[in-house]
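Here is a set of questions and answers for someone meeting this structure for the first time. Please keep the sequence and the 3D view at hand while reading.

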Amino acid sequence: PAVPERGMTPRAGVFAAYEQVPFAEAVGRIAAEQLMFYPPGIPILAPGDRIDQSSLSYIRAMQKLGLKVVGPQDTHLKTLKVVKES
């Protein structure tokens, strides 16, 4: 997928208050964790990235291929950690 739009700096994304949301409901939210598959080990989402549908579709496709997910708190990807909305 394309490089995600930045919603905030990576540092702010790491230290922001967060919540776990269902995977499909993360579109439009700001990531509070990093997510990549190994191989190749290149982040798909990083803290501060705005989550879009193309990224979620790509993540599901890689998951179906059986690649090892690295980074997220929920490695089954039922939920994603996102910045809490005020």
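Q: Is Ile51 buried or exposed?
A: In this predicted model, Ile51 is found in the loop between β3 and α2. A residue counts as buried when its relative accessible area is under 20%. Because the relative accessibility of Ile51 is 2%, the residue falls under that cut-off, and Ile51 is buried.

Q: Which residues does Ile51 touch, leaving aside those up to four places away in sequence, and how far apart are the C-alpha atoms of Ile51 and Ala26?
A: Among the residues that Ile51 touches, not counting those up to four places away in sequence, are Ala26, Val27, Gly28, Arg29 and Ile30, and the list also includes Ala31, Leu45, Leu56, Leu80 and Val82. Ala26 lies 25 residues from Ile51 along the chain, yet the separation of their C-alpha atoms is 6.5 Å.

Q: Which residues line the largest cavity?
A: A search of the whole structure finds 1 cavity of 30 Å³ or more, and the largest cavity has a volume of about 30 Å³. By class, its lining has 5 nonpolar and 2 charged residues, with no polar ones. The lining residues are Ala31, Glu33, Leu35, Leu45, Ile51, Leu80 and Lys81.

Q: What span does helix α2 reach from its first C-alpha to its last?
A: Helix α2 covers residues 53-64, which is 12 residues. At 1.5 Å a residue, a span of 16 Å is expected, and the model comes close to this. From first C-alpha to last, α2 reaches 17 Å.

Q: Why do the buried residues of α2 line one face of the helix, and within what arc do they fall?
A: The buried residues of α2 are Ser55, Leu56, Ile59 and Met62. An α-helix has 3.6 residues a turn, so residues three or four places apart point the same way. What covers the buried residues of α2 includes β2 (35-38), β3 (43-45) and β5 (79-83). Seen down the helix axis, the buried residues line one face because they fall within an arc of 125°.

Q: What is the phi of Leu77?
A: Leu77 is found in the loop between β4 (68-70) and β5, where it is buried with a relative accessible area of 0%. Most residues other than glycine have a negative phi. Leu77 is not a glycine, but its phi is positive, at about 60°.

Q: Is Val3 buried or exposed?
A: Val3 is found in the segment before α1 (10-15). Its C-alpha and that of Ile44, 41 residues apart along the chain, are separated by 7.9 Å. A relative accessible area over 50% counts as exposed. Because Val3 has 78% relative accessibility, Val3 is exposed.

Q: Which residues does Thr9 touch, not counting those up to four places away in sequence?
A: Thr9 is found in the segment before α1, and Thr9 is partly exposed, with a relative accessible area of 40%. Thr9 and Asp49 are 40 residues apart in sequence, and their C-alpha atoms are 8.2 Å apart in space. Leaving out residues up to four places away in sequence, Thr9 touches Pro47 and Gly48.

Terms used: Residues are numbered from 1 along each chain as its sequence is written. This is a predicted model: local features need pLDDT of at least 70, side-chain atom pairs count only at pLDDT 80 or more; totals for chains, interfaces and linings use all residues. Side-chain values use heavy atoms; hydrogens and water are left out. On a 1 Å grid over the protein atoms alone, a cavity is a set of points where a 1.4 Å probe fits but cannot get out, and a pocket is an open set with protein on both sides within 12 Å along at least five of seven lines; lining residues have an atom within 4 Å of a point. Grid points are joined across faces, edges and corners, and a volume is the space filled by probe spheres set on the points. Ala, Val, Leu, Ile, Met, Phe, Trp, Tyr, Cys and Pro count as nonpolar, Asp, Glu, Lys and Arg as charged, and the others, Gly among them, as polar. Helices (H or I, at least four residues) and strands (E, at least two) are DSSP runs, numbered from the N terminus. The expected span of a helix is 1.5 Å times one less than its number of residues. Buried means under 20% relative accessible area, exposed over 50%, partly exposed in between (1.4 Å probe, protein chains only). The arc is that of the directions from the helix axis to the C-beta atoms. Contact means heavy atoms within 4.5 Å.
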